[in-house]
Amino acid sequence: MKLLTTLSTIALCALSQAASAEEVRIYNWSDYIDEDLLEQFEEETGIEIIYDVFDSNEVLETKMLAGSSGYDLVVPTGDFLQRQITAGAFQQLDLDQLPNHSNLWDVIESRTAQYDPDNSYSINYMWGTTGIGVNVNRVTEVLGEDAPIGSLDLIFNPDNMEKLAECGVYFLDAPTEIIPAALAYLGEEPDTQDPDVLALAEPVLTAVAPYVAKYNSSEYINALANGDICVAFGWSGDVLQARDRAYEADNGVEIAYNAPSEGALMWFDQMAIPADAPNPEAAHKFLNFIMDAENMAAASNYVYYANGNLASQEFLLEDVIGDPAIYPDETTLGNLYTATPYEPRVQRVVTRMWTRIKSGT
Amino acid sequence: MSLARRLLISVPYTWLLALFLVPFLIVLKISLSDYANSIPPYTPTLEVGEGWSGIKEFWSALDFENFVFLTEDALYIKAYWSSLKIAALATFFTLLIGFPFAYGIANAPQEWRPSLLMLIILPFWTSFLIRIYALIGIISNDGFLNQFLMWIGAISDPLVIMNTNLAVYIGIVYTYLPFMVLPIYATLEKLDSSLLEAAQDLGCTRISAFWSVTVHLSKPGVIAGCFLVFIPALGEFVIPSLLGGSRTLMIGKVLWEEFFSNRDWPLASAVAVILLLVLIIPIVLLQRNEQMQREQNK
């Protein structure tokens, strides 16, 4: 009995302590922050961060649309954000609580306004492109010196893919990124809502599906870095993180990222506060913290993605701001396209197609 | 029936009602709804506040569209069929391995049995996910198994087990083995060994005595074990998604995709309702069959 009393006292203490410390719950993409920044925020504000990660917009959207996710801050990509705003999933930002808002970059803000008019619900965290990561030595071994590593021909031409299958290829598990790429490869409009045009993507993807070892949106960083795979169709910064990890491991793996010459998707990951966030004040504090020029620069220097913060640029490392794979030059910029969310009817066509492609039925 | 007895019986019924029937009706209701971009992501939702007209409007918006869709796309039928096949085969292998285990324990010296049973149950103390990840470490291309086989020179190229259906079978058999062993052991332990002697006295060979006495009398345990393995294996999601390849088609994976990737809750609910029917119909038939047998024996 005495033991029981002691135990319950301990439990009660633990509970009351948990309730008294202020918390902010953040749900962000995997491998997407320098964890030192989280510690720094906790030290500066005394607010404890509960940090969870996801690797697909779809999973995030399921949680947002189910409601009561319990998160104070989430990071959907532009086209998903737009749909979730219409569904009423987010609350408007209170700019009075965000003095660092003036650091933002108007060039990026004008682009994100496509998804979030007036940028009243979100701020840009990172932006980047979707393209091809290759293990240079392995790919040239398999396909020869003139391997088309900067072209979608590498991953959508079955002849190339058949040979690449032996050293391993991963694709993102993200229909909204792969299907537009297949359309760009065919020379069609990538950002289409027309089911007949969308249907053209299916034979391209089905033809190469047998050679794709895995459709996954997070495992390719390590797989590329370790040399387990030689090609990944993935996000710019993730591939560059793989390059960095391989370099640090000094394992002889040389990774390169290219935005495809046929055109690449440009996406924007936006930080937003759910309508039913338990602690919106703390979320605002975190937003203001991350919009600080030095903090935002630290985040970009760590994850190799460009950000939407103009003031941060003076603190960026030269191999971040000077790398056209991260901050594209004018010619590459002209070659980028953006995506708009599919209407529900089209959405079903797309997801159905994706399930068929992946399962091979 | 006395009041006390009624009260006692009402406990499991209330449990079933609150934790099975009500959730099922909710899923059934969602399966008759339509996808919508809202919170929650389907329409219509029941507006009790609007009174009778609200309920009537809600009722008229329900339809069987999602169930019709399931029959139109071959994916679902293939997925159900492939799940049934994988679950049935895996159950068969579990039985094949589990029966000797149970038989061995039941025939071990009395003082050993608790420790042997403990060895069967012990893996349960480790998280299911960790056990599956451990399996990945063993069967992957550069895992322990391949390293060992290549070291002793049995093979020159690694066996490709990971990301195939074989890996899914190994995963199911390994994780569900205790569910097979324990009920079979329970029936075998109660078996009267004098029946075996009697069978042999009456001219049975050892093998035919084993068949007509031991196997026959352990049937309830075997059936219970098979159900305990087959039912969760049919809807299994974690094992095929971690061990299977992108070509491993199981309804649990399809259900996950519909719910999380496609955010089509109504369709996902329809898949779940059909899965439940696929499971319930054979169980009901089996129970009816058993009841009839029992009544005939009376």
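Predicted model: local features only at pLDDT ≥ 70, side-chain atom pairs only at ≥ 80, totals over all residues.
Visitor: What makes the radius of gyration of chain A agree with that of a compact globule?

Guide: Set the two values side by side. A compact globule of 361 residues would have a radius of gyration near 21 Å. Chain A has 22 Å, which agrees. The C-alpha trace of chain A spans about 70 × 50 × 45 Å along its principal axes. Buried residues make up 47% of the chain. Chain A holds 18 helices and 11 strands. Among its contacts with a separation of 6 or more, 73% join residues 24 or more positions apart.

Visitor: How does the radius of gyration of chain B compare with that of a compact globule?

Guide: The rule gives a value near 19 Å for 298 residues, but chain B has 24 Å. Its C-alpha trace spans about 75 × 70 × 35 Å along the principal axes. In chain B, 29% of the 298 residues count as buried. The chain has 14 helices and 2 strands. Residues 24 or more positions apart make 68% of its contacts with a separation of 6 or more.

Visitor: How do you know that the span of helix α13 of chain A agrees with its number of residues?

Guide: Helix α13 covers residues 236-249, 14 residues in chain A. At 1.5 Å a residue, that should span 20 Å. The end C-alpha atoms are 20 Å apart, which agrees.

Visitor: Which residues of α13(A) are buried, and what covers them?

Guide: The buried residues are Ser236(A), Gly237(A), Asp238(A), Val239(A), Leu240(A), Gln241(A), Ala242(A), Arg243(A) and Ala246(A). Their cover includes β4 (122-135), α12 (220-226), β7 (231-235), β8 (255-258) and α15 (293-303) of chain A. Just after the helix, Asp250(A) takes a positive phi of about 50°.

Visitor: What makes the buried residues of α6(A) line one face of the helix?

Guide: The buried residues of α6 (residues 136-143) are Arg138(A), Val139(A) and Leu143(A). Seen down the helix axis, they fall within an arc of 105°, so they line one face. These residues pack against β4, α8 (158-164) and β7 of chain A. Just after α6(A), Gly144(A) takes a positive phi of about 95°.

Visitor: How is chain A divided into domains?

Guide: An automatic or database assignment sets the bounds. Domain 1 is 16-127 + 268-328, and domain 2 is 129-266 + 339-359. Their centres, taken over C-alpha atoms, are 26 Å apart.

Visitor: How many residues of each domain are in contact with the other?

Guide: Contact needs C-beta atoms within 7 Å. By that test, 15 residues of domain 1 of chain A are in contact with 17 of domain 2 of chain A. On the domain 1 side, α4 and β4 of chain A each give two or more residues. The largest share, 4 residues, comes from α4(A). That side divides into 8 nonpolar, 3 polar and 4 charged residues.

Visitor: How many residues of chain A are in contact with chain B, and which element gives the largest share?

Guide: 24 residues of chain A are in contact with 20 residues of chain B. The elements giving two or more residues to the chain A side are α3 (57-66), α4 (78-86), β6 (214-215) and α18 (344-359). The largest share, 8 residues, comes from α18(A). By class, the chain A side has 7 nonpolar, 9 polar and 8 charged residues.

Terms used
Residues numbered from 1 in each chain as written. Chains lettered and ligands numbered in written order. Contact = placed C-beta atoms within 7 Å. Nonpolar A, V, L, I, M, F, W, Y, C, P; charged D, E, K, R; others polar. Expected span 1.5 Å × (residues − 1). Buried ≥ 20, exposed ≤ 12 C-beta atoms within 10 Å, placed from the backbone. Arc of directions from axis to C-beta. Rg over C-alpha atoms; globule rule 2.2 N^0.38 Å.
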